[in-house]
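Here is a single chain to look over. The questions below go from the whole chain to single residues.

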Amino acid sequence: MKCTSANVLADEHLSIRIPLKNYDDLRDERFLVPRILVVVYVPDDINHWLCHSEDKLALHHCGYWKSLSGMEAYTGKGNKVTIHIPRNQQFTVESLKHIMNEIAQRRF
């Protein structure tokens, strides 16, 4: 899971740069349980990241997810890789259920 307040949003996707080691770890298919990248986009002001009480914990703005499993090895220069995550891949309760179901069915 990554967290950022940087300007990463475009019309159709968000772009985030991650270290090459993290990219390689996330794309590795040898794990029994697949790994996914979750990026939480938060406000600039840290005081507005969370709203909490004994009844709820709410994270402001939005989380997005992407599976990097099986992606090609990075052949570019440098030690960071830019990942594009479609904005319609929001990390919601329903998407988490879908991800878990796909993992259980070994389709992820």
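Q: How much accessible surface does the chain have, and what percentage of it belongs to carbon and sulfur atoms?
A: The model is predicted: local features need pLDDT of at least 70, side-chain atom pairs count only at pLDDT 80 or more, and totals for chains, interfaces and linings use all residues. Residues are numbered from 1 along each chain as its sequence is written, and side-chain values use heavy atoms, with hydrogens and water left out. Accessible areas come from the Shrake-Rupley method with a 1.4 Å probe; for residues, only the protein chains shown count as cover. The total for the chain is about 7,700 Å², and the share of carbon and sulfur atoms is 51%.

Q: In what order do the elements of the chain run from the N terminus?
A: Helices (H or I, at least four residues) and strands (E, at least two) are DSSP runs, numbered from the N terminus. The chain has two helices and seven strands. Their order is β-β-α-β-β-β-β-β-α.

Q: Is Leu-57 buried or exposed?
A: Buried means under 20% relative accessible area, exposed over 50%, and partly exposed in between (1.4 Å probe, protein chains only). Leu-57 sits in strand 5, residues 57-59. Its relative accessible area is 65%, so Leu-57 is exposed.

Q: What percentage of the residues of the chain count as buried?
A: The chain has 108 residues. The same cut-off of under 20% relative accessible area applies. The buried share is 24%.

Q: Which residues does Ser-67 touch, not counting those up to four places away in sequence?
A: Ser-67 belongs to strand 6, residues 62-67. Its relative accessible area is 22%, so Ser-67 is partly exposed. A contact means heavy atoms within 4.5 Å. The residues touched are Arg-35, Ile-36 and Phe-108.

Q: How many disulfides does the structure hold?
A: A disulfide is a pair of cysteine sulfur atoms within 2.5 Å. The structure has none. For Cys-3, the nearest cysteine sulfur is that of Cys-62, 12 Å away. The number of disulfides is zero.

Q: Is Cys-3 buried, partly exposed or exposed?
A: The relative accessibility of Cys-3 is 46%. That value lies between the 20% and 50% cut-offs, so Cys-3 counts as partly exposed.
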